[in-house]
Amino acid sequence: MISEADIIRIDQPELTASERMYLPQIVDGMKTTLRHLGKNLLKNTFTVQYPEQKRDLRLQNYRGVHRLNRDEQGRVACVACYMCSTACPAHCIHIEAAESPWPDREKYPAKFDIDELRCIYCGMCEEACPVDAIELTPQFDLVGRTREGMILDKEELLAVFDQTAAMKPRKNPHVTGYAGTGSRSCSCEIPISHVPPSAAGASAP
Amino acid sequence: MPKITIDNQEIECCNGVPVLQAALEAGRDIPHYCYHPGLSVVASCRLCLMEMMMPNPKTQELQWSPKLVPSCQTPVRDGMVVRFDSERVRQSQATCMEFFLLNHPLDCPVCDQAGECHLQDYSFKFGKPESRMVDQKLVNPKKDIGPNTLLYQDRCVMCTRCVRFTDEISGTHELCMVNRGSRTEIDVFPGRPLDNPLQGNVVDICPVGSLLDKDFLFKRRVWELKGTPSICPGCATGCAIRIDHANDKVYRLKPRFNPKVNQWWMCDEGRFGFKYVHNKKRIRSPLVRRGYETLTPSWEDIPEIVRFRLEEHVREKGAAKVAAVLSPFMACEEAWLLARFVREIAPQSVLAMGPVPMEGEDQFFPVGAKGDAVRFTILKEKCPNRRGVEMVLHAAGGDIVTFEQFTERSGKGDFSAAWIVGGYPKPWVDKNTAKMGANFELLVLQDLFVNELMAGAAIVLPSCAWVEREGSFVNAAGLIQSFERAIDPPDTARRDGQYLYEIAGLPGLYTGERVRERMAEALPAFAKAYAAPELPVHAH
């Protein structure tokens, strides 16, 4: 039970006479509407005749449908570290990790599903990814007939990469995962030239 | 009790413990890898170094020691003055951390230990943000050292906790160090894999992601798991454990420190013995038979149905014809609720103790140890609560029989109604018991898995695994320990405590504590259950 002392009662303030008429508010609102109408009548700046016309997107920044990148050998670049699903505020990424079939890598995603309907396209997954495997693409016209169809699985996400790779190449194409453990090759290390000297080899675990 | 001063703060500590232990107990987070309170001290990681006030040999004047001393190897003395909060100590810690990370692959995103890794935590807290290493790191592939454990050698910090564990606790000496200097490795001897019954503990005490459990490998990231304190039901030892679960699925069990029972350890049998919880063959909903008709009533109707059927039976056949078999897998509270209900319906009823599973012999560790040298025990009695149920039966009084007597008397037709509780993780109904099912006109079966007795049962109630219940177990030493529920029962099953509570006609929701309060009137021992002290994150 909440004690009486903890309850704060708030009364709605009384409306003044002018507020009760509502007219001044309507006039205020109409002013804004008419201003925009006038501007648009003089020169049409804002309307894009979609789908005949398409907006120019900033390809590097636009946050549309996700894609799972492939490395230079065409394998999925993801190492199934769950950083994206941990960072995701909408909990729309579902990963199942498995031991990778390739010798230079510890884990790979056996399953990787993104619920595009749940996603809020914030781009946190892209920020969190340590191997630049997940990226948001400029593709915005995602449609589906069913809710299930809007859950993109690993193959579909890789297909998005194939479609958009030409338009927006992968950020660091040579990064092929966190090898280190379990392999003799050191191909995983981010080449020094791509990291500012102060941060080379730093990255506290 | 000696008093020592750590960073100008006076603390009281136990006699003879190292300064590090005293500091940890006082709540300080002092970095350390090689020190573990349950193992011998080697002082090899050099991370817990401290400054100590010492008399100058010439002037006898007290001043800070010229060299840093390992706090894990320095026992406390009354009036000792030490400090960790100085520039020299911090410098030493940062340099040590830099060395630990020289060959470390920094593969935290794909390492299962990430999130509970001391190397990670200490790097953030005590280490430097960057490494000055310019050479190629040594790469050392992972090794399969046993049926349940993997060794990722290049993540290792050479604390040798695992080697000391197999030497001092399990006494099986499988692990050793090979090579020297920066090429030192942990390894097993050829043809002798790490497969002792306690080997899972080396994964727990490994402060980094070097030793990993194959069973849990890649299953989940540890920060997604929720830990619930519980008691292991594997044997009568009653080890304190933590259930790590997510989305109503148990992923692993970890030991919890309990100075009175298991210290820091648990056995593999208990550790991997939870798999039956997610078995598809579990009974998932209540069943009621009337003639040839089988119904699945809702839980709201169950108390009324059970009470009505039993009362009707007592009216027709008499109270002495009723018997109840309590299982040693029941919590004390559940056993008490059932005994109370059966005695209320039929005061002259017979109460029996279910079969107590015994397997092999008691195992003592280190292997071959006797008496005080024993550090860990696995008992042959493979049930958690024989003593608790016995206490309840004793308090209930009246006609109490063993399971053998019960089988014999039911064969003679002494009982026409019985309430049999199973809840055994392994199949427990043998031929004799299965035959016995036909002797009863009214059989109420409360069990985990579908079995032969079910064919003759008039009412079947699904039992829950211990992770889904709450209550208390009494271990072999007579210690009453409570456990909490971690996950929800599958499908429409309900936790045993809740429906027994409703059947017994008690008001409100079932909680172990609420029932223990009532039990304490007849059994004062249950007024307070023992709870192991909680330890801070890096306590060991």
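Start by selecting Pro366(B), which sits in the loop between β19 (363–365) and β20 (376–378) of chain B. Strands here are DSSP runs of E with at least two residues, helices are runs of H or I with at least four residues, and both are numbered from the N terminus. Now show the backbone one step back: the peptide bond from Phe365(B) to Pro366(B) is cis, with omega near 0°.

A word on what you have open: this is a predicted model, in which local features need pLDDT of at least 70 and side-chain atom pairs count only at pLDDT 80 or more, while totals for chains, interfaces and linings use all residues. Residues are numbered from 1 along each chain as its sequence is written, and chains are lettered from A and ligands numbered from 1 in the order in which they are written.

Next, hop over to chain A and select Tyr50(A) and Pro51(A), which are joined by a cis peptide bond with omega of about 5°. Pro51(A) belongs to the loop between α2 (23–42) and β1 (66–68) of chain A. For context, most peptide bonds are trans, and most residues other than glycine have a negative phi.

That second point leads to two more stops. Select His91(A), a residue other than glycine whose phi is positive, near 50°. You will find His91(A) in the loop between α3 (83–87) and β2 (93–99) of chain A. Is His91(A) buried or exposed? His91(A) counts as exposed because it has 11 C-beta neighbours inside 10 Å. The scale runs like this: a residue is buried if 20 or more other C-beta atoms lie within 10 Å of its own, exposed if 12 or fewer, and partly exposed in between, with C-beta atoms placed from the backbone.

Move on to Asp132(A), also not a glycine, with a positive phi of about 50°. Asp132(A) lies in the loop between α4 (124–128) and β4 (134–136) of chain A. With 16 other C-beta atoms within 10 Å, Asp132(A) is partly exposed.

Now zoom out and colour by domain, using bounds from an automatic or database domain assignment. Chain A has domain 1 (17–47) and domain 2 (66–173), and their C-alpha centres lie 44 Å apart.

Finish on chain B, with domain 1 (3–98), domain 2 (107–278) and domain 3 (287–356 + 384–527). Between domain 1 and domain 2 of chain B, the C-alpha centres are 27 Å apart. Here 14 residues of domain 1 of chain B are in contact with 19 residues of domain 2 of chain B, contact meaning C-beta atoms, placed from the backbone, within 7 Å.

Notes. Two residues are in contact if their C-beta atoms, placed from the backbone, lie within 7 Å.
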